[in-house]
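Here is a friendly briefing on how one chain meets its two neighbours. Please keep the model open as you read.

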Amino acid sequence: MTTTTPPTTGSAANAASGARNYPGYGRPFWQRLLLRREAAIIGLLVVVIVVASATVPHFAAPITYNFLLLDMAPVLLISLPMTLIIITGEIDLSVASAMGLSSSVIGLLTQAHWPFPAAAGVALVVGAVGGAVNGLLVTRVGLPSLAVTIGTLALYRGVAQGLLGTTAVTSFPAFWTDLATSTIPGTLIPSVTIVIAVLAIVFGVLLHFTPFGRGIYAIGLSPDAAVFSGVKIQRTKFILFVLAGLVSALAGIFYTLRFGSARGDNATGLELSVVAAVLLGGVSIFGGRGALPGVLAGALVIGVLASALRLAGITSDVINVITGTLLVLSVILTSFLAWLQRTRLSAGRKRRVTNGPASS
Amino acid sequence: MNSLKRLTRARETGILLAFLLVVIATTVKNPSFVFSQDGFRDLLVTPMLVLLIAVGEAMVIITRNVDLSVGSVIGLTAYTAGTLFKYTDIPWLLVALIAIAGGAALGAVNGLLISIAKVPSLVITLGTLYAFRGINVLWTGSNRINSTDIPNDFQMIGTAQLLYIPVITIIAAVVLIAAAWYLRNTRGGREFYAIGSDPDAANLYGLKVGRRVLLAFIVSGALAGLAGVLYVARYGTVDSQAGSGFELQAVGAAVIGGVAIFGGIGSVWGAAIGAMLLLTINRALPVLGIQDFWQQAVVGALIIAAIVLDRILALRQARRLTVMEDSQA
Amino acid sequence: MASPATPAPRATPALELRTISKSFGAVVALRSGTLTLEHGKIMALVGENGAGKSTLVKIIAGLYQPDSGEFLLEGRPVEFRSTAEAKAAGIAVIYQEPTLFPDLTVTENIFMGRQPLRSFGRIDRKSMHAEAIALFQRLGVRINPDRQARGLSIADQQIIEIAKAISLDARVLIMDEPTAALSGVEVDRLFAVARSLRDEGRALLFISHRFDEVFALCDSVTVMRDGAYISTAKIADTDVDEIVRQMVGRDVADLFPKQQTTIGDVLLDVKGLTSAGIFDDISFQVRSGEIVGLAGLVGAGRSEVARAVFGVDGYDGGTVVLAGSRVPGHDPAAAMRAGLALVPEDRRREGLVIGASVAENLTIAIRQRLSAAGLFITGRRENEASRVWASRLEVKSSALDAEVGTFSGGNQQKVVLAKWLATEPRVLIVDEPTRGIDVGTKAEVHRLLSQLAGEGLGILMISSELPEVLGMADRVLVMREGRITATIERADATAESVMRAATGAAA
């Protein structure tokens, strides 16, 4: 908001005021921290955990969190690159299919007696290539990512199912399957949490503390201004789609090991949970707004609700109602708050204009 | 005057040819694909549920929106219809009308949220995809409607024929023709295209954008409701997962049929033929010696090919127009 | 000489605005808009950018609602809440850039929402088609009514808007800078159409920056300045000098504090720059300490040249050399590294990341340099850098995290200038640097540019405002239809010499 200082037309006024001292922020630290969407969703997470611990028997047990994290690991992982993609104003619906494809590739290569690390390596490469195909179709051919990734959603899933047919490969080395479900020694925290934490920090830094991340926000808010500021839009988006493919493949490897089963239809429909988590976490579908901590909280809210309800003996699919309702409520609430702010702002301005001196 | 020329140039013609090609190739390999009673009926009946929701989806996409909740609407309305059959003696026609009205109401929920709260349809219908399915699961649990619960005279619809044409196909054809007629020949229908072509210009022009978008979602919901009733008639059993995944088939059919994902272009004819092609390929692959696990891959490749092709055609068209203008100047 | 109060006309005017005002938040866009349009007459509306013409037009169109004042149509007060209501009342507005539905045919665009019907509410395509052909015949133009609107030239789009207005039988036609993007032939065609509409008794309003057109077409002229009505006069009773004086309203010398600078070596050397169909064989130099004006009509290709030099668009031939080294094409990041900066024409879309904060905008172009090891950037470093540039340009902001979208035009332009000065460029290209900003900030921008040139920067200034070009530039390049048609030294630069080169005709 502008200050109420009258417009300066002469240099005398400016010289008198000297160099202005601009405060960095318009509001105190606690307000900036608390009055934002991420804070709301993190608060919601805390409330959900507290209520669940108090009312649902056995929820407070550490083992609950163990399963919760294992269950949510793929969503948590993929929501990281998905956040960046949605902030640029694009979307990737093919991530769950890329997981299935990665799972199939591992299964196929394990059947062919490849050592597991080599098979996993190939799966990662396949994931990256899948992401690159999305990226090329979006950036080079100039197609809308929504249509492209609906297409590759079917394509990658189809290839995954075509490669393995109806067979499920289950003969994985015990070392690796144990590792996937292992816990950090001395705790009940799954080891995969370390992978999630490391990647969350990497993506968090990339988005919030690098020039590349500044470019991502600029692309989402104003593609034209981004171009004029030297942001390489096509390259940025391409990199993000490749990262999404890569992380999806990683999630696919984890999924395969955790259930000890490589199948073409692994993780079907997971893309919707990822998108829901990202949007619930406060990222705008129009791009340009959102932050990673909110997204992690969004994913965990879904996970906590799911496991609490399951423990309470309610069918696990109830979570669908809650995810859906939360998603709808969160966007409508944003819309409503923006409307409220606009009307309040314009009312305030009108008052100021009528009371204050004429501005020119 | 130029109707023949227009017909050969139309985007829909290409997709129709692709469909015929698939049918002919498969029939050559195995004549019973068409020339047997079951083959002929499957050819005409199998795609109809997806065709119906693809028609609704096309109307929504033409206004530059998308409806991801249709699969969940099918699930809810199918289970509603099944429950009514199981526990009441309401005549089946009334049950069908209730299901269609229910679908329309669910569509209206989507449409109202989108046009009043002004939030993107992708997010809203993703949310209602979950919510509607969740309500369905809550209600259904592990119950299911079995074919023994369904009155025989209604189940007949799934198999009945009129002059060798399956009744389900006739219903779908009537819907398709009505939707196509509306979109092509009425003022309201043309506004769908104007809105999708440039929503801001439509507002500036004074078109009632919100009202049309709401109508599109209501129609999409009602057609999903109709598909839900026919689901009961055709399959006889309904569980909590009925219709899941149909939304992507509907969007895929529309895109393959030449409906542009950002609105303003395409027709329900294209979406309908797209649905025919999609579901017929699924049945044709095994006959052609390709394992049916590859079905999805073919579907995906088709969608990608269709949008790349549309893009190339658009660029060519733009180039041709500039060349024409240069030569005029 | 015209008097501020128009004499009462004999017949009821078609449209009358009396002291209309309109504000947006703290910004007063229109203080007292007054305008009278009569049947069978063409009125010109002139004024500098930011004089309030567009706001006035949007109020007439029903897009904005006035805060105060009277709006009479055929003598009766009206209050339009939407464009549809204004349209129904017989007002048609043809914008500079028409908004057609690109995917629909020309015919459908003309008749959208009121297509002729047959039984069952079915659109009568045959008679719609025949009507479209009849309309185009009447207008004497050849446009295929069955083609898509996508890809039509601006001129043809405007003709379609006019056809739309005629088919609506609009009594009042507003044309907002319709000739801005038209070629000579197209302008002649448009004028022929406008005259025939006038002769049918319709009232027309013609907004233009081109005085030759105003004098060729219009019956009277209304001048606006700083959101207020200044005067109305019969065309026969006034001349260009008088109108310009009323538009500017102050002594030109006061406004442009041009410093004497020593002009040094060549910094920017553009040779033979060509982009097929857009501009051709553009060569010029900008020296250290020099302000080079790039004048010409809108649509002459000036902004396109700037975009190509800076690398936003690619080009087909030619070279751009900065201080002896070649600047690669189609790469704004490389152009920035080489020492180029571009303050673009469209401030809200291209200049600023609307929705982001002051600090984010001020540092977006220097985000690489601000980051430690080229990798990590923090809010603290952004704020430190922003503080320096915000205070140097005297940006008015309560805090660095304020959103730039809420700023006034002048304050936004300061942010854009600061953003680019932060890159420490050697050559600064400014495209319409004072468009739509208030008089005070305008003077500040001019002083700043002058001061920068004094510090040894080379400046290329694109401007459609003749006084600005004449007051600021050491040398004026004039473009017409994609080519540089004249280079005029400061001493020889007059409104007449520049306009003649820009229009290619005797002014």
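**Chain A and its partners**

Between chain A and chain B, the contact takes 38 residues from chain A and 41 residues from chain B; residues are in contact if their C-beta atoms, placed from the backbone, lie within 7 Å. This is a predicted model, in which local features need pLDDT of at least 70, side-chain atom pairs count only at pLDDT 80 or more, and totals for chains, interfaces and linings use all residues. Residues are numbered from 1 along each chain as its sequence is written, while chains are lettered from A and ligands numbered from 1 in the order in which they are written.

**The side facing chain B**

- α7 (145-164), α13 (270-280) and α15 of chain A each supply at least two residues to the side that touches chain B; helices are DSSP runs (H or I, at least four residues), numbered from the N terminus.
- The largest share of that side, 14 residues, comes from α7(A).

**The side facing chain C**

- Here 36 residues of chain A are in contact with 47 residues of chain C.
- Two or more residues each come from α10 (211-221), α11 (223-228) and α15 (318-355) of chain A.
- α10(A) gives the most to this side, with five residues.

**Chain A as a whole**

- Chain A has 15 helices and zero strands, strands being DSSP runs of E with at least two residues.
- Of its 360 residues, 49% count as buried, that is, with 20 or more other C-beta atoms within 10 Å of their own C-beta atom, placed from the backbone.
- Among contacts in chain A between residues at least 6 apart in sequence, 76% join residues at least 24 apart.

Methods
A residue is buried if 20 or more other C-beta atoms lie within 10 Å of its own, exposed if 12 or fewer, and partly exposed in between; C-beta atoms are placed from the backbone. Two residues are in contact if their C-beta atoms, placed from the backbone, lie within 7 Å.
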